[in-house]
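Here are my notes for anyone opening this one for the first time. Have the view ready and follow the points in order.

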Amino acid sequence: MSNSDQVSSGVMYDPMPEEEGIRSFIAKCDGFFPPDAVAAGIDQQRKWYDALCAQFSFPHPGGMQVDDDVIAGVPVRHYRPAEMKSTHKIVYMHGGGFVVGSRDSHDSICAEIAQAAGAELIAIDYRLAPEHVWPAQHDDCFNVAQSFLADGHKLVLVGDSAGGMLAAGLAVRAREEGFGDQILGQALIYPALGGDLNWPSYGQMANAPGLSTDDVIYYRDVLKAPMDDPFAHALSVDDGREFTAQLARAGISVQYREEPQMIHGWLRARHMSPGAKTAFGHLCKAISGML
């Protein structure tokens, strides 16, 4: 799944969407998490982000069992819907630039995905930067995933933004560790895949709502992941289309859906934006199809 940050070279683009629902979402987000939030201290960023996430929290679907746990020393949260349609599992890695976010920040998102898919979802509360730089985040996620893979479980890896980068890296690591056949698929929502900042989209979308180019630079500097680390950057360009093309050329079945009216972070808008609601439905359908 992609936001609208891939545009033709040389074309000037207004990053503000036209859909009223997503415009209202942007205004609401800016009231809790300022566009220049990365200029503030880490503690302040996390307070703002937690307050923002609380505004987009919704009750869990009826009958869902939710339990906090620790796996391989890493905090996680299990979501088990009342009606289980698959014995396979979903592993979710949250976004937040590796600086903010937790199993609480994406709680209702994870609950709704688990409900729609009819499968257990495990949300990973990996360590954050700058206190913990790369590869702490990847190691936490892999150690959790490995605990299930070692028991023979098959997984669908899902992540948004920073979590998309982690999900893509886990797929690579799982293959190298001999678990490739147990990865049923990956769903990457506006993922960070290792883009070249000289690419046109980084200039054309420099001030895009939800994530500016300066924000990308800030998060990369904080994480300190080497650009040649394949677990950190699954692609040499941050472009969902090109990633899709490379997977297809490698003989991998892949679906790509672009959401031209959506912004970075649109998952939270699924209950106030028609476009986000539709996109979320496609995401859940894709995940269900992998299980």
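1. Start where two helices touch: on the H3 side, Ile109, Glu112, Ile113, Ala116 and Ala117 meet Phe280, Leu283, Cys284, Ile287 and Ser288 of H9. Contact here means heavy atoms within 4.5 Å. The residues of this contact split into 8 nonpolar, 1 polar and 1 charged. For those classes, Ala, Val, Leu, Ile, Met, Phe, Trp, Tyr, Cys and Pro count as nonpolar, Asp, Glu, Lys and Arg as charged, and the others, Gly among them, as polar.

2. A word on what you are looking at: this is a predicted model, where local features need pLDDT of at least 70 and side-chain atom pairs count only at pLDDT 80 or more, while totals for chains, interfaces and linings use all residues. Residues are numbered from 1 along each chain as its sequence is written, and side-chain values use heavy atoms, with hydrogens and water left out.

3. How do H3 and H9 cross? The axes of H3 (residues 107-117) and H9 (residues 274-290) come within 9 Å and cross at roughly 55°. That makes H3 oblique to H9 (under 35 degrees is roughly parallel, over 145 roughly antiparallel, 65 to 115 roughly perpendicular, and the rest oblique). The crossing of H3 past H9 is right-handed, meaning the near helix is turned clockwise from the far one by less than a right angle.

4. Next, look at H4 (residues 136-149) and H5 (residues 162-176), whose axes come within 10 Å and cross at roughly 55°. H4 and H5 are therefore oblique to each other. On the H4 side the contact includes Phe142, Ala145 and Leu149, and on the H5 side Leu166, Leu170 and Arg173 are among the residues. By class, this contact has 7 nonpolar, 3 polar and 2 charged residues.

5. Now the sheet. It is open, has 6 strands in the order S1-S2-S4-S3-S5-S6, and its pairing is mixed. Its edge strands are S1 (65-71) and S6 (183-189), each pairing on one side only. Strands S3 (residues 89-93) and S5 (residues 155-160) pair in the parallel sense over 5 bridges; two strands pair if DSSP finds at least two bridges between them. Which residue of S5 is the bridge partner of Lys89? Leu155 is.

6. Finally, confidence. The chain's mean pLDDT (the predictor's confidence in each residue, from 0 to 100) is 89, and 88% of its residues reach 70 or more. Over residues 1-12, though, pLDDT is below 50. Where pLDDT is low, the predicted coordinates should not be read in detail.

Conventions:
Axes are lines fitted to C-alpha atoms, for helices over the stretch in contact, and angles run from 0 to 180 degrees between N-to-C directions. Helices (H or I, at least four residues) and strands (E, at least two) are DSSP runs, numbered from the N terminus.
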